[in-house]
Amino acid sequence: MSNEEVFLTKEGLAKLEEELRELKTVKRKELAARLKLAISYGDLKENSEYHSAKEDQSFMETRIMILEKMLTKAQIVDESSMDLSKVSVGSLVTLNDVEYSEKIEYRVVGPAEADVLNNKISYESPLGKELLGKKVGDIISVNAPMGIIQYELLEIKLL
């Protein structure tokens, strides 16, 4: 993970803090119990339960380290001082797909909380990069695998 700041919404910060709390309390205890049980089976060289639990433990501890680093570098987006005349991190935007006349709403967030299935796009994504700094009425062109997609920015608001 780089030394760059991590931009988060208040909602994103709470979600990451909850994930960290869950990993450090509940999941660590569960893994410790799994390891204890696996060790009781004997011969660790041939013990697939033990190796699986150790691998899961390694992944979990890595995730804990990543979350802790992210949270120490977190910059919370102050929605109360956002300029709604242009798109910034934390903005909720309504776009119109120019070709298909379909409206879609996205929230521009930091990479740590991006979730396309819930219409949260990273400011580092191709669409996110194009949206930053744009104003209502602007046309945004995004280079996608199927070609260039154009959107008209219809609205900028807070969640």
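The model is a predicted one, in which local features need pLDDT of at least 70, side-chain atom pairs count only at pLDDT 80 or more, and totals for chains, interfaces and linings use all residues. Residues are numbered from 1 along each chain as its sequence is written, and side-chain values use heavy atoms, with hydrogens and water left out.

**Strand pairing.** I followed β4 into strand β5 (residues 120–122) and noted a parallel pairing over 3 bridges. Two strands pair if DSSP finds at least two bridges between them. On β4 (residues 102–109) I also found strand β3 (residues 92–97), running antiparallel and joined by 6 bridges. Leu 92 stands opposite Arg 107 in β4. I then checked the turn: β3 and β4 make a hairpin with 4 residues between them, and Ser 101 in that turn has a positive phi of about 50°.

**Element order.** I listed 3 helices and 7 strands in the protein. Helices (H or I, at least four residues) and strands (E, at least two) are DSSP runs, numbered from the N terminus. Read from the N terminus on, the order is β-α-α-β-β-β-β-α-β-β.

**Met 65.** I picked Met 65, which lies in helix α2 (residues 48–72). Is Met 65 buried or exposed? Met 65 is exposed, because its relative accessible area is 52%; the cut-offs are under 20% for buried, over 50% for exposed and partly exposed in between (1.4 Å probe, protein chains only).

**Overall dimensions.** I got a radius of gyration of 21 Å for the protein, whereas a compact globule of 159 residues would have one near 15 Å. The radius is taken over C-alpha atoms, and the globule rule is 2.2 Å times the number of residues to the power 0.38. The C-alpha trace spans about 70 × 35 × 25 Å along its principal axes. I noted that 33% of the 159 residues count as buried.

**Contacts and charge.** Among contacts (heavy atoms within 4.5 Å) between residues at least 6 apart in sequence, 51% join residues at least 24 apart. I counted 22 positive and 29 negative side chains, the centres of the two sets lying 6 Å apart. Lys and Arg count as positive and Asp and Glu as negative, without His and the chain ends; each charge is placed at NZ of Lys, CZ of Arg, CG of Asp or CD of Glu.
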